[in-house]
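Visitor: Please show me the structure, and then let us discuss its side-chain pairings.
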Amino acid sequence: MLHMVKLAVGIGSIEDLARRQSHQTPPVDDLDGTDTGGLPWFRTRMYPRRAAEILDGGSIYRVISGRILCRQRITAITPDTREDGTACARVVLAPEIIPVSPRAMRPFQGWRYLRPEDAPPDLRASSHDGDVLPEALRNELAELCLI
């Protein structure tokens, strides 16, 4: 299994990401039989060479405001074409956004592979009683290097 990590450009919080995905419209070419089934998706310029490993249970980890804050399971990666005819890849995601233990990450272009042993743990799995801190409080504690 292998994960991806990608900057969530223009996204300010996990809630903002969820709101954007809920308003996402299907791509135009879904009418040609490549339906995403209403699931969230994004396009990326390069098709991952290690797609088979990613599809074996991998997730996309999102960097929001300089920190990895959440992940979504990747359900499909397919060749696609942008509206201008440029080849790309479409990455289809599971709808559930899972908060993870915040981890600082510098900006980069595109996406990167992330090995499972390097991925931050899910907050649900690491919390004692199943409660997850509100994102604003989590961000403040992370900035103070307390979590």
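Predicted model: local features only at pLDDT ≥ 70, side-chain atom pairs only at ≥ 80, totals over all residues.

Visitor: How many disulfides does the structure hold?
Guide: A disulfide requires a pair of cysteine sulfur atoms within 2.5 Å. The count for this structure is zero.

Visitor: Is cysteine 88 buried or exposed?
Guide: The buried class covers residues under 20% relative accessible area. Cysteine 88 has 6% relative accessibility, so its class is buried.

Visitor: Which parts of the chain does the salt bridge between arginine 43 and glutamate 83 tie together?
Guide: The two side chains meet with an N to O distance of 3.2 Å. Arginine 43 belongs to strand β2 (residues 41-44), and glutamate 83 to a loop, so the pair ties together parts 40 residues apart in sequence: strand β2 and the loop between β4 (67-81) and β5 (87-93).

Visitor: Is arginine 43 buried or exposed, and which class does glutamate 83 have?
Guide: Buried means under 20% and exposed means over 50%. Arginine 43, at 14% relative accessibility, therefore counts as buried. Glutamate 83 stands at 62%, and therefore counts as exposed.

Visitor: In which strands do the salt-bridge partners aspartate 80 and arginine 90 lie?
Guide: Their side chains meet at 3.0 Å, N to O. The pair links distant parts of the chain, ten residues apart: aspartate 80 lies in strand β4 and arginine 90 in strand β5.

Visitor: What is the relative accessible area of arginine 115, a salt-bridge partner of glutamate 117?
Guide: The side chains of arginine 115 and glutamate 117 meet at 3.2 Å, N to O. Glutamate 117 is exposed at 58%. Arginine 115 is partly exposed, with a value of 46%.

Notes
Residues numbered from 1 in each chain as written. Heavy atoms only, no water. Buried < 20%, exposed > 50% of the residue type's maximum accessible area, 1.4 Å probe, protein only. Salt bridge = Lys/Arg side-chain N within 4 Å of Asp/Glu carboxyl O. Helix = DSSP H or I, 4+ residues; strand = E, 2+ residues; numbered from the N terminus.
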